[in-house]
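Here are my notes on the model, point by point. Please read them with the structure open.

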Amino acid sequence: MKLKIDHIGYVVKNLNEAKNYFKTFYNFKVITKTILEKAHGVKLVFLDMGTKTVTALELIQPINKKSKVYNFLKAKGESFHHIAYEV
C-alpha cells in the first residue's frame, strides 16, 4: 500500500493574517474559500504549497473556547497539528 499525504494541518491564531503571511513570504496560493466547520468550532482554508509531494497546507483557527483546537493553540501556540493521508 502506498500512502499519499493529502494535507498538513497547522493551527493559527488569526486565519487572515496567517493566510497573508504564507502567500507573501512563501508564495503559497489559496485553493479554497474560508470554510466554517461549526461541529469542530473552527474556520479553515487550504493553501497550495507548490510541491508535488504535499497537496496542501490547512490553516485552522478556533472560533471559540469550545473548539477542539482551542486548548492546543493555548498550550502550544501556532504550530503543526496533523498530517492527513489520502484514503
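1. Aromatic pairs first. Rings of Phe, Tyr and Trp (its six-membered ring) pair if their centres lie within 6.5 Å; planes under 30 degrees apart are stacked, over 60 edge-to-face, and the rest tilted. By that rule, Y10, Y21, F22, F25, Y26 and F28 form one aromatic cluster. The count of aromatic pairs comes to seven.

2. Ground rules. This is a predicted model: local features need pLDDT of at least 70, side-chain atom pairs count only at pLDDT 80 or more, and totals for chains, interfaces and linings use all residues. Residues are numbered from 1 along each chain as its sequence is written, and side-chain values use heavy atoms, with hydrogens and water left out.

3. One pair in detail. A pair of aromatic rings is described by the distance of the centres and the angle of the planes. Y10 and F22 are edge-to-face, at 6.1 Å centre to centre and 80 degrees between the planes. Y10 lies in strand β1 (residues 4–11) and F22 in helix α1, so the pair ties together parts that are 12 residues apart in sequence. Helices (H or I, at least four residues) and strands (E, at least two) are DSSP runs, numbered from the N terminus.

4. F22 is buried, at 13%. Y10 has 25% relative accessibility, so Y10 counts as partly exposed.

5. The main core. In soluble globular proteins, nonpolar side chains tend to be buried together. A nonpolar core here is a set of buried Ala, Val, Leu, Ile, Met, Phe, Trp, Tyr and Cys residues joined through side-chain atoms within 4.5 Å. The largest one has 12 residues: I8, V12, L15, A18, F22, F28, V45, L47, M49, V54, L57 and L59. Two or more residues each come from α1 (15–26), β4 (42–48) and β5 (56–62). Helix α1 gives the largest share, three residues. A second, separate core has nine residues, including L44, A56, V69 and F72.

6. M49. Which residues does M49 contact, leaving aside neighbours within four places in sequence? They are I8, F28, V54, T55, A56 and L57. Contact means heavy atoms within 4.5 Å.

7. E58. This residue lies in strand β5. E58 is buried, with a relative accessible area of 8%. Not counting residues up to four places away in sequence, E58 touches H7, I8, G9, Y10, L44, V45, F46 and H82. E58 and Y70 are 12 residues apart in sequence and 16 Å apart in space, C-alpha to C-alpha.

8. Surface patch. M1, L3, F80, I83 and Y85 form a nonpolar patch on the surface, with about 610 Å² of accessible area together. Such a patch joins nonpolar side chains (Val, Leu, Ile, Met, Phe, Trp, Tyr) within 5 Å, from residues with over 30% relative accessible area and no salt bridge. A salt bridge is a side-chain nitrogen of Lys or Arg within 4 Å of a carboxyl oxygen of Asp or Glu. Areas come from the Shrake-Rupley method with a 1.4 Å probe. Y85 sits in strand β6 (residues 79–86) and is partly exposed at 43%.

9. N27 backbone. Phi of N27 is near 60 degrees, a positive value in a residue other than glycine. N27 lies in the loop between α1 and β2 (29–30). N27 is exposed, at 54%.

Terms used
Buried means under 20% relative accessible area, exposed over 50%, partly exposed in between (1.4 Å probe, protein chains only). Patches are made of residues with over 30% relative accessible area and no salt bridge: like charges are joined within 9 Å, nonpolar side chains (Val, Leu, Ile, Met, Phe, Trp, Tyr) within 5 Å.
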